[in-house]
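User: I would like to learn how to read helix packing and side-chain features from a set of coordinates. Please take one feature at a time.

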Amino acid sequence: MVSVLVISCPCALGLATPTAILVGVGVGSKQGILIRNIESLEQAKKINCIVFDKTGTLTKGKLELTDIIPNSDVSEKEILKIVSSLEKNSEHPLGQAIYKKGVEKKLVMHEVLHFKAIEGKGIQG
C-alpha cells in the first residue's frame with residue numbers, strides 16, 4: 001500500500017519516514033527496547049560503543065541482588081534481613097530485587113513501622 005501511495009503521490013514520502021519510525025519503535029518495544037523520543041533514535045547512529053552496568057538485567061532479563069559487602073561488624077545475613085524487611089513495601093524494582101533475595105534466603109523479616117517512600121531519595125522505616 002505504501003509503495004502505491006509513493007508512486008501516486010510524491011508527498012507520500014513525507015509519510016513513509018514517520019511510518020517506518022513508528023513501526024520500528026513498535027517492534028523494538030515488543031523486544032524490550034524502549035526509545036524515549038525520535039531525537040534519541042536519530043542520535044543512536046553516532047554510537048560506536050555501549051557500556052552496560054546492570055548485573056542480571058542483561059543476562060537474565062531481571063534485576064537481582066548478587067553481593068552484599070558489609071562496612072561494619074554487622075553480618076551479611078543481618079544486613080539482608082534489615083533491608084529486605086524495609087524493601088518489602090517498596091514499589092521500586094531494585095527494592096523488589098532486594099526483598100526477593102531475602103525471601104529466597106528464607107529470612108524471617110522484621111516488622112517495619114512508619115514505612116515511607118521518599119520519591120527520588122529512597123525509603124525509611
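This is a predicted model: local features need pLDDT of at least 70, side-chain atom pairs count only at pLDDT 80 or more; totals for chains, interfaces and linings use all residues.

Analyst: Residues are numbered from 1 along each chain as its sequence is written, and side-chain values use heavy atoms, with hydrogens and water left out.

User: What links Glu104 with Lys101?

Analyst: A salt bridge is a side-chain nitrogen of Lys or Arg within 4 Å of a carboxyl oxygen of Asp or Glu. Glu104 and Lys101 form one, with the closest N and O atoms 3.6 Å apart. By this rule the count comes to one salt bridge.

User: Is Lys101 buried or exposed?

Analyst: Buried means under 20% relative accessible area, exposed over 50%, and partly exposed in between (1.4 Å probe, protein chains only). Lys101 has 16% relative accessibility and therefore counts as buried. Of the 125 residues in the protein, 12% are buried.

User: How do H5 and H6 pack?

Analyst: Two packed helices are described by the angle between their axes and the distance between the axes. Axes are lines fitted to C-alpha atoms, for helices over the stretch in contact, and angles run from 0 to 180 degrees between N-to-C directions. Helices themselves are DSSP runs (H or I, at least four residues), as are strands (E, at least two), numbered from the N terminus. For H5 and H6 the angle is about 125 degrees and the axes are 8 Å apart. The two helices are therefore oblique to each other; angles under 35 degrees count as roughly parallel, over 145 as roughly antiparallel, 65 to 115 as roughly perpendicular and the rest as oblique.

User: Which residues in H5 and H6 meet?

Analyst: Contact means heavy atoms within 4.5 Å. From H5, Leu80, Val83, Ser84 and Glu87 meet Gly95, Gln96, Ile98, Tyr99, Lys101 and Gly102 in H6.

User: Where does Ser90 lie?

Analyst: Ser90 is in the loop between helix H5 (76–87) and helix H6 (93–104). With 8% relative accessibility, Ser90 counts as buried. Leaving aside neighbours within four places in sequence, Ser90 is in contact with Gly95, Gln96, Phe115 and Ile123.

User: How many helices and strands are there in the protein?

Analyst: The protein has six helices and two strands, following the pattern α-α-α-α-α-α-β-β along the sequence.
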